[in-house]
Amino acid sequence: HQQYQFSQPSRSILTLAMEEDKNWLSEFLCFVRQHCTEVVCASEKDVTSRMNSKKVVLGQVGIRCQFCAHLSHKQRSGRSSTF
């Protein structure tokens, strides 16, 4: 897994990408895993924002869109994260 700094210096990103991806996945899927998605742990805000939908527990691992991550939960696109 590759970890790098995004445009927000206070945030570190853990991508879904693995070196072996190129052996099994299309170039497009490799790109998406490397540059568009990230692994996250559910925060208090994630837990409270999902009270009426699928239950999420603090620290639960999920994936989300890197481009929506800086937005508030109400501003994010639907299904921009999943746990």
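A salt bridge is a side-chain nitrogen of Lys or Arg within 4 Å of a carboxyl oxygen of Asp or Glu. By that criterion, the structure holds three salt bridges. This is a predicted model, in which local features need pLDDT of at least 70 and side-chain atom pairs count only at pLDDT 80 or more, while totals for chains, interfaces and linings use all residues. Residues are numbered from 1 along each chain as its sequence is written, and side-chain values use heavy atoms, with hydrogens and water left out.

**Confidence**

- Confidence is lowest in strand β1 (residues 3-5), with a mean of 48, and highest in helix α1 (residues 21-24), with a mean of 96.
- Over residues 4-9 the pLDDT is below 50, and this stretch has eleven contacts in the model beyond near neighbours in sequence; a contact means heavy atoms within 4.5 Å.

**Overall architecture**

- The protein chain contains three helices and five strands; these are DSSP runs numbered from the N terminus, helices being H or I of at least four residues and strands being E of at least two.
- Along the sequence, these elements follow the pattern β-β-α-α-β-α-β-β.
- Of the contacts between residues at least 6 apart in sequence, 39% join residues at least 24 apart.

**Surface and burial**

- The protein chain has 83 residues, of which 31% are buried; buried means under 20% relative accessible area, exposed over 50%, and partly exposed in between, with a 1.4 Å probe and protein chains only.
- The accessible surface of the protein chain comes to about 6000 Å², and 59% of this area belongs to carbon and sulfur atoms. Such areas come from the Shrake-Rupley method with a 1.4 Å probe, and for residues only the protein chains shown count as cover.
- A69 lies in the loop between β4 (61-65) and β5 (81-82), and this residue counts as buried because its relative accessibility is 10%.
- The C-alpha atoms of A69 and V40 are separated by 9.8 Å, the two residues being 29 apart along the chain.

**Salt bridges**

- Side chains of opposite charge can pair when their charged atoms come close.
- The side chains of E19 and K22 meet in a salt bridge at 2.4 Å, N to O. E19 counts as exposed because its relative accessibility is 59%, and K22 counts as exposed because its value is 54%.
- A salt bridge also joins the side chains of R33 and D21, at 2.8 Å from N to O. This pair links distant parts of the chain, with R33 in helix α2 (residues 27-35) and D21 in helix α1, twelve residues apart.
- R33 is partly exposed, with a relative accessible area of 24%, whereas D21 is buried, at 8%.
- E38 and R64 form a salt bridge in which the closest N and O atoms are 2.4 Å apart. Here too the pair links distant parts of the chain, E38 being in strand β3 (residues 37-41) and R64 in strand β4, 26 residues apart.
- Both E38 and R64 are buried.

**Cysteines**

- A disulfide is a covalent bond between the sulfur atoms of two cysteines.
- The structure holds zero disulfides, a disulfide being counted as a pair of cysteine sulfur atoms within 2.5 Å.
- The sulfur of C65 has its closest cysteine sulfur in C68, at 3.6 Å, which is too far for a bond.
- C30 is buried, with a relative accessible area of 19%.

How values were computed
pLDDT is the predictor's confidence in each residue, from 0 to 100.
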